[in-house]
Amino acid sequence: MNGLGTPWGAADLAALARAGADAVCLPKVERAAEVHAAAQALAAGHAPAGLALWCMIETPRGVLAADEIAGASPRVACLVAGTSDLVKDLGARHTAGRAEVLTSLSLVLLAARAHGLAALDGVFLDLEDAAGLEAACRQGRDLGFDGKTLIHPKQLDAANRAFAPDEAELERARRVIAAHAQAEAAGQGVTVVDGRLVEALHVAAARRTVALAEAIAAGHGAAGPHPG
């Protein structure tokens, strides 16, 4: 949607409230108050309770306020790193290793995880640099991001390859889920898989791994569109 501070923001939210979307992406979020206003507008427009807010964190002020933004509303489901505008505002330059935004990416990711939210990495701008895209996707995955925002459908395959669990990860996740279910049926709270203790937190991670693999197999991908 257009930003809340633009002449079109309020109308966008009113339209999106009942449009059937899974989420509304708010650009350039810098304060919790902006999230409160968006959530109130969606409620006033009779939006379903499950309509989520994705907050774009793409300015220095937004990065520094990421924690309060992440906790501003139960509707907030995802923080999206807006690296293009961030590099501009920092007065930095885009580099292959992205050293210029690593601190910001980590702060966005920390805020998301502290509040149990998803986190999406920023875009890769060079449509002709396949190797660079692959490297950026792998870096985002290694940092801990759930997926990557993209600017063109041709980037989907690289993102899905990088963020999808491999066969070994998927197989182990399924064994963890099955073993824990058996333990619960036997009245036990924990079990052991491959010599490692398995508790509820490990099962939650395993279920997320399986869900991600199934989403990618169904064609939903591990990436989100770049707004605007």
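**Note on salt bridges, cores and surface**

1. Arg113 counts as partly exposed, at 38% relative accessibility. Here buried means under 20% relative accessible area, exposed means over 50%, and partly exposed is in between (1.4 Å probe, protein chains only).

2. The model is predicted: local features need pLDDT of at least 70, side-chain atom pairs count only at pLDDT 80 or more, and totals for chains, interfaces and linings use all residues. Residues are numbered from 1 along each chain as its sequence is written, and side-chain values use heavy atoms, with hydrogens and water left out.

3. Arg113 has a partner. Its side chain meets that of Asp146 in a salt bridge (3.1 Å, N to O). Arg113 lies in helix H6 and Asp146 in the loop between helix H7 (130-143) and strand S5 (147-150), so the pair ties together parts that are 33 residues apart in sequence. Asp146 counts as buried, at 14% relative accessibility. Helices (H or I, at least four residues) and strands (E, at least two) are DSSP runs, numbered from the N terminus.

4. How many salt bridges does a search of the whole structure find? The search gives 13. The criterion is a side-chain nitrogen of Lys or Arg within 4 Å of a carboxyl oxygen of Asp or Glu. Side chains of opposite charge can pair when their charged atoms come close.

5. Arg98 deserves a look. Arg98 forms a salt bridge with Asp121 (2.7 Å, N to O). The pair links distant parts of the chain, 23 residues apart: Arg98 is in the loop between H5 and H6, Asp121 in strand S4 (residues 118-121). Both residues are buried; for Arg98 the relative accessible area is 9%. Phi of Arg98 is near 60°, a positive value in a residue other than glycine. Most residues other than glycine have a negative phi.

6. Asp194 also has a positive phi, near 55°. Asp194 sits in the loop between S6 and strand S7 (196-198). A network of salt bridges links Asp194 with Glu171, Arg172 and Arg175.

7. Glu34 and Arg31 form a salt bridge, with the closest N and O atoms 3.3 Å apart. Glu34 is buried, at 17% relative accessibility. Arg31 is partly exposed, at 42%.

8. The largest nonpolar core has 44 residues. Val35, Leu53, Cys55, Ile69 and Leu79 have the most contacts inside that core. Apart from it lies another core, of 10 residues, among them Leu170, Ala179, Val210 and Ala213. A core is a set of buried Ala, Val, Leu, Ile, Met, Phe, Trp, Tyr and Cys residues joined through side-chain atoms within 4.5 Å.

9. Ile69 touches residues including Val29, Val35, Cys55, Ile57 and Leu79, not counting residues up to four places away in sequence. Contact means heavy atoms within 4.5 Å.

10. Strand S2 (residues 52-57) has 5 of its 6 residues buried, so S2 is largely enclosed by the rest of the structure. Strand S1 (residues 23-26) pairs with S2 in the parallel sense over 4 bridges. Pairing requires at least two bridges found by DSSP. Ala23 stands opposite Ala52 in S2.

11. Leu107 is in helix H6 (residues 102-114) and is partly exposed, at 35% relative accessible area.
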